[in-house]
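Subject: Structure for you to look at

Hello,

Here is the structure I said I would pass on. Please open it and keep it in view while you read the notes below.

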Amino acid sequence: MEDVETRHAALLRREDTGLILVDVQEAFRPVIDGFDRVVANCGLLAEGFGVLGRPVLVSEQYPKGLGRIVAELVERLPEGAQTVEKLRFSACGVDAFDEALAAAGCAAWVVAGIETHVCVNQTVHDLLARGLDAHVAADAVSSRTAENRALGLEKMAADGARITSAEMALFEMLEEAGSAEFKQISKLVR
């Protein structure tokens, strides 16, 4: 009998999935709705992807003006995470980012960060245009207003992105309980 894949195509597969963290920078701290929640869930994703040995790409929008990635996220990035500076809204189309994206060889990307309706939205649409799967962690994205966050999520979902959460994405990639990685990630989500 042939070995048939029995998991639904919408579920993330560890071996094919990477993480993109978009513009979680210091200048956004006072103006983003639920900023601390976004940082915490981006950190959960970063640590979880590190535990799973998966690639993590990070973008910074004009860091000279907006500051660097916030310190509490930097300390949770796994070794080997690549940070790319950008001036455009989408991270796609920046040479260094496109090179890192291609080198990672992932068919699916979990995307999180700021702002949902601008840089996250445009990055996700560009991933989709390249034939890649995009899974947006709804609990790890935000905008200055809840309305713009909701509109960004709605547009991305309508155009083919899958809406997920930080925890959902990590547990889909684990598939089963009992492993050392499961125990590590379970500690992170508590």
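Gly65 is partly exposed, with a relative accessible area of 44% (buried means under 20% relative accessible area, exposed over 50%, and partly exposed in between, with a 1.4 Å probe and protein chains only). Gly65 belongs to helix H2, residues 63-66. Helices here are DSSP runs of H or I with at least four residues, strands are runs of E with at least two, and both are numbered from the N terminus. Gly178 comes 113 residues away from Gly65 along the chain, and the C-alpha atoms of the two are separated by 46 Å.

Some background on the source. This is a predicted model, in which local features need pLDDT of at least 70 and side-chain atom pairs count only at pLDDT 80 or more, while totals for chains, interfaces and linings use all residues. Residues are numbered from 1 along each chain as its sequence is written, and side-chain values use heavy atoms, with hydrogens and water left out.

The whole chain

The protein chain has 8 helices and 6 strands. Their order along the sequence is β-α-β-α-α-β-α-β-α-β-α-β-α-α. The C-alpha atoms fill a box of roughly 60 × 35 × 30 Å along the principal axes. Of the 190 residues, 47% are buried.

Strand S5

Is His135 buried or exposed? His135 is buried, as its relative accessible area is 5%. This residue lies in strand S5, residues 133-142. Leaving aside neighbours within four places in sequence, His135 is in contact (heavy atoms within 4.5 Å) with Ala10, Leu12, Ala108, Trp109, Val110, Val111, Arg162 and Thr164.

Helices H5 and H6

Two packed helices are described by the angle between their axes and the distance between the axes. The axes of H5 (residues 116-129) and H6 (residues 146-158) come within 9 Å and cross at roughly 10 degrees. H5 is therefore roughly parallel to H6 (angles under 35 degrees count as roughly parallel, over 145 as roughly antiparallel, 65 to 115 as roughly perpendicular and the rest as oblique). Axes are lines fitted to C-alpha atoms, for helices over the stretch in contact, and angles run from 0 to 180 degrees between N-to-C directions. On the H5 side the contact is made by Thr116, His117, Val120, Asn121, Val124 and His125, and on the H6 side by Asn148, Arg149, Gly152, Leu153, Lys155 and Met156.

Regards
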